[in-house]
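User: Please take a close look at the nonpolar core of this protein and describe how the surrounding parts relate to it.

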Amino acid sequence: MDFVNHTTLGVRPPTTETGVELGHCAGPVTCLAPDPDGQFLFGGSEDGTLRRWKATEARPGDTEVFMFRHSDSIMSVAIDHDGRWLCAGSGDGKIYVWDLSKEDSDAFTDVLEGHTSGVLSLVFS
């Protein structure tokens, strides 16, 4: 990935001059995470949305999937090493957990609470 421009998410492969626009969000893109296979790119934005793009399509913008809208900004996204679990940290201190091995409608699993401020960084070990 090479650039993020406020509300437009784009990817520029390192060997080309032009990028591929993946989609638009109502607010600035705040975080990105590719899955381990490089098939999908997950992004959170200031408008509270979490989206998934299929990064391998010729027209990736057509493969955008809206996953979630929260009342606060999505500040961080992390995917575990085997691509099953996704966590998204929000500005209100909550962490949202998805099981990506399930169908989209059943993938949301849990909310982890307890932080007193926004979750700015997440990582799996």
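Analyst: The core and its setting

Buried residues account for 38% of the 125 residues in the protein; buried means under 20% relative accessible area, exposed over 50%, and partly exposed in between, with a 1.4 Å probe and protein chains only. This is a predicted model, in which local features need pLDDT of at least 70 and side-chain atom pairs count only at pLDDT 80 or more, while totals for chains, interfaces and linings use all residues. Residues are numbered from 1 along each chain as its sequence is written, and side-chain values use heavy atoms, with hydrogens and water left out.

The protein has eleven strands and zero helices; strands (E, at least two residues) and helices (H or I, at least four) are DSSP runs numbered from the N terminus.

The largest nonpolar core has 13 residues, and Leu50, Val77, Leu86 and Trp98 touch the most other members. A nonpolar core here is a set of buried Ala, Val, Leu, Ile, Met, Phe, Trp, Tyr and Cys residues joined through side-chain atoms within 4.5 Å. Two or more residues each come from strands E4 (29-34), E8 (74-79), E9 (85-90) and E10 (95-99). The most come from E8, which gives three residues. In soluble globular proteins, nonpolar side chains tend to be buried together.

Trp98 has contacts (heavy atoms within 4.5 Å) beyond its neighbours within four places in sequence, and these include Leu50, Leu86, Met67, Phe68 and Phe108. Arg84 and Thr109 are also among the residues that Trp98 contacts.

Strand E9 also holds Ser90. Ser90 counts as buried because its relative accessibility is 0%. Leaving out residues up to four places away in sequence, Ser90 touches His70, Ser73, Ile74, Met75, Tyr96, Gly118 and Val119.

Strand E4 belongs to an open sheet of four strands in the order E4-E5-E6-E7, with antiparallel pairing. E4 and strand E7 (65-69) stand at the edges with a single partner strand each, so one side of each has no neighbour in the sheet. Neighbouring strands of this sheet are turned by 20° against each other on average, direction ignored; axes are lines fitted to C-alpha atoms, for helices over the stretch in contact, and angles run from 0 to 180 degrees between N-to-C directions. E4 is joined to strand E5 (residues 40-45) by five bridges, and the two run antiparallel; strands pair if DSSP finds at least two bridges between them. Ala33 stands opposite Phe42 in E5.
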